[in-house]
Amino acid sequence: MQEQLRKQIIRDSIISLAVLVLATIWFTKYETFESIMLFLQQHESWELDELFLVLLLSPAILLWFAMRRFRDALTQNRQRVLAEQEFQNKLKFDSLTGLPNNAFLESLLDEKIEAINNSNNTLVFVIISIVKYEALYECHSSQEIDDSLIKLRNRISDISDLDWIIAKPSRNRFALVIEIPEEKNIEVLAHKLSEQLKFIPLNTSEPVIQCKLGLTYFNDNDEPISSVNMMMQAYEALPKIQHDDTAYTIFQKAEEANKLNDCKLRKELSSAISNNELVLHFQPQVVLNSGEILSAEALVRWNHPEKGFLTPDKFIHLIDHHPISSFFGEWVIEAALNQIKKDARVAISVNITVCHIERAEFSQSLAKLLSRYPMVSPSKLKIELTESAGITDYKKVALSMKACTALGIRFSLDDFGTGYSALNQLRVLPIAQIKIDRSFIRNFLTDQTDFMMVSSLIGLASNFNLEVVAEGVETLEQLAKLNDLGCHKVQGFLFSKPLSAPEFVSWINEYNELNFLPKKQVIRQ
Ligand code: C2E
Ligand code: MG
Ligand code: MG
């Protein structure tokens, strides 16, 4: 636009000048005066001086018009530049506070990241988030809130050094970009900022603003990063402190690396199922008053092609709250059904995540699986629900569990006592068994609290008419005490570690054949 205007002005000026020059040349060079005189003699009625005046004034008038046009063009241009500037400002700055907005902050931060690569300094990005911003509107007018935001901006400006960048990337968030010497502690900076910005004291009629800070940092030892990713890191850190009193949080780079590893491992786990890399191991459960082995728990293991033999603590967290849990769980159930088909003496318990059971289609898939094993009695399959995984939607879970019990399947609550709402679970879910967590059994002979816990849980199970299994039994003393307390079954290294399918079958054969101690004696000691 500006270029076009400039061309137009130049063209107008050239035309005016050309007219002036041509007029002068015409007068001086081509005996214009004589021609005019001649013309006048032929037209005697014409006034000489008027004609002269017209001829002399015409170039001047043309020039005057050109100059007016030139001046108008300049004014127009100035107005256009101002409008463009205003538009650019709107694109770059927050209208309320006048601070750089999100888009502009991104480019400023990119420049800072670029610059930090060649220095020994650390770049810190801070997001200052207003707590319960939306709720402020319930009690205060927009004007009051706007005034408070301006006060917060002023407070941030007061505590900022001159070279800090202050921005307002969104309605309820401010941001700071700070360069600090590498050795300076970010924790100290975070603490100081949070103290200064925690509460903004305002007039009583106005809302009190509380802020929480999310920080991340970058220096030239780190992998290259874009401004958007750096901002994301600070945002990602914030939800962790959303529900507590913590005033700031610093993005943990190691956690990020773990997350990336987890993503990779989860992908590998998906293919591990189809590549037959997963295998079930079985740990026997002993009936205390008879010494019989009537059931076992199936525990998954992964023969990883590079990492070797992996126990669940290395990978089981990957399936929780992820669609892979269904795929995984179905594999486990089918592998357990296969084991029961081979050796029907022992019932098998499988561990299934709450998020899998919650799925509406869980019972139908289970029914389909069971129909493929008509020779297996559903009563031989038990499902262990890990309580610590947390049930959010009791209705859904209860519905799904009831549909499964209608198929003949029974449920056990695993790691009982470690979660928050154990009693409620007993009330609303169709449970046949509870398993006392290993952490209570470990020291219950010496720790009074643990003892109270174990004896109460056994009593509770008895009152609810549930079977109770103690996990992690490692000593004969523990075994004897659990027997005295009325525990029904035990599982633990005292009898056996989890074993591969062939090892498990031979272990049971040996246990039954050898009968190395009279069973009651083992139990009663
Ligand atoms: P869990 O279901 O509570 O299983 C008991 C865990 O305690 C097993 O660990 C078992 O090896 C261990 N254990 C049993 N007795 C003793 C003992 O006397 N001493 C000690 N120190 N440990 C004992 P594992 O096999 O590493 O499994 C850990 C957890 O992984 C399981 O806890 C379960 O929550 C989960 N898990 C295992 N297999 C599966 C599976 O197929 N699906 C799902 N969703 N989770 C599984
Ligand atoms: Mg279990
Ligand atoms: Mg357990």
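Reader: What spacing do the donors of the magnesium ion (ligand 2) follow along the chain?

Author: They follow E-x53-N-x32-E-x29-D. Donors here are N, O and S atoms within 2.8 Å of the metal (3.2 Å for Na, K and Ca), and water is not among the atoms, so sites may look incomplete. This is a predicted model, where local features need pLDDT of at least 70, side-chain atom pairs count only at pLDDT 80 or more, and totals for chains, interfaces and linings use all residues. Residues are numbered from 1 along each chain as its sequence is written, chains are lettered from A and ligands numbered from 1 in the order in which they are written, and side-chain values use heavy atoms, with hydrogens and water left out.

Reader: Ok, which residues coordinate the magnesium ion (ligand 2)?

Author: Glu297 (OE), Asn351 (OD1), Glu384 (OE) and Asp414 (OD), at 2.0 to 2.2 Å.

Reader: And which residue coordinates both ligand 2 and ligand 3?

Author: Aspartate 414 does, and those two magnesium ions are 4.0 Å apart.

Reader: Is glutamate 297 buried or exposed?

Author: Buried, at 3% relative accessibility. Aspartate 414 is buried too, with a relative accessible area of 4%. Buried means under 20% relative accessible area, exposed over 50%, and partly exposed in between (1.4 Å probe, protein chains only).

Reader: New topic: how much of the protein chain counts as buried?

Author: 43% of its 525 residues.

Reader: What box do the C-alpha atoms fill?

Author: Roughly 155 × 55 × 45 Å, taken along the principal axes.
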